[in-house]
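Hello,

Here is the structure I promised to pass on to you. Have a look at it, and then read on for what I found.

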Amino acid sequence: MASWITICDTCKREGWELTGMEQTDGERLAALIEAAAEGEADVRTRRVSCTMGCERACNVIVQAQGKVGYSLGRFEPDADAALAIVAYARMHAQSETGPVPFREWPPGVKGHFVSRHLPVPAEQ
Ligand code: FES
């Protein structure tokens, strides 16, 4: 089952207004994640505008049907962050229930976890 990376494309990091403002930081990170996920069989991406973590820009959410999902934030909009996020999403896809052992986390996601989201119970 594929895991999805939801990317906030309206995130702006501190000092963004000094960068020329042609793109938001979230748009830059989204484009880098989309490129890094190209060809990944088990990773999908989508953009949304604001995940309500604005003060922790840039933000993404990694989730899949029936699995524990995670919010991550405080990313720079750069290629290293994008590669780490996609690598982590691939591991999340390979995990039966979502959690990935800490020792296997790509270094680029360490320190970026914000919250954990438990799947809702199956209908009975
Ligand atoms: S603008 Fe990205 S979380 Fe609000």
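The first thing to look at is a pair of helices: the axes of α1 (residues 25-37) and α2 (residues 79-94) approach to within 8 Å, crossing at roughly 50°. As for handedness, α1 and α2 cross in a right-handed way. On the α1 side, the contact is made by Leu29, Leu32, Ile33, Ala36 and Ala37, while α2 brings Ala79, Ala81, Ala82, Leu83, Ile85 and Val86. Sorted by type, the residues in this contact between α1 and α2 are 11 nonpolar, with no polar and no charged ones.

Please keep in mind that this is a predicted model.

One residue of that contact is worth a visit of its own. Ala82 lies in helix α2, and it counts as buried because 26 other C-beta atoms lie within 10 Å, where 20 or more are needed. Which residues does Ala82 touch, leaving aside its neighbours within four places in sequence? They are Leu29, Leu32, Ile33 and Ala36, and these four are among the residues that α1 puts into the helix contact. Ala82 and Val60 are 22 residues apart along the chain, and their C-alpha atoms are separated by 10 Å.

Now for the protein as a whole. Its secondary structure consists of two helices and five strands, which follow the order β-α-β-β-β-α-β from the N terminus. The radius of gyration is 14 Å, close to the 14 Å that the globule rule gives for 124 residues, so the protein is as compact as a globular protein of that length. Of the 124 residues, 35% count as buried. If you take the contacts between residues at least 6 apart in sequence, 70% of them join residues at least 24 apart.

The loops have some details for you too. I will take them in chain order.

The loop between β2 (43-48) and β3 holds Cys58, and the peptide bond leading from Ala57 to Cys58 is cis, with omega near 0°. Met52 lies in the loop between β2 and β3 as well. Although Met52 is not a glycine, its phi is positive, at about 70°. Is Met52 buried or exposed? Met52 is exposed, because 9 other C-beta atoms lie within 10 Å and the limit for exposed is 12 or fewer.

In the loop between β3 (60-63) and β4 (69-72) you will find Lys67. With 20 C-beta neighbours inside 10 Å, Lys67 counts as buried. Apart from residues up to four places away in sequence, Lys67 touches Thr97, Gly98 and Pro119. Arg47 is 20 residues from Lys67 along the chain, and the C-alpha atoms of the two are separated by 20 Å.

Finally, Arg74 sits in the loop between β4 and α2. Arg74 also has a positive phi, of about 65°, without being a glycine. It counts as partly exposed, with 16 C-beta neighbours inside 10 Å.

Enjoy exploring it!

Best wishes

Conventions. Residues numbered from 1 in each chain as written. Predicted model: local features only at pLDDT ≥ 70, side-chain atom pairs only at ≥ 80, totals over all residues. Axes fitted to C-alpha atoms, helices over the stretch in contact; angles between N-to-C directions. Left-handed = near helix turned anticlockwise from the far one by under 90°. Contact = placed C-beta atoms within 7 Å. Nonpolar A, V, L, I, M, F, W, Y, C, P; charged D, E, K, R; others polar. Rg over C-alpha atoms; globule rule 2.2 N^0.38 Å.
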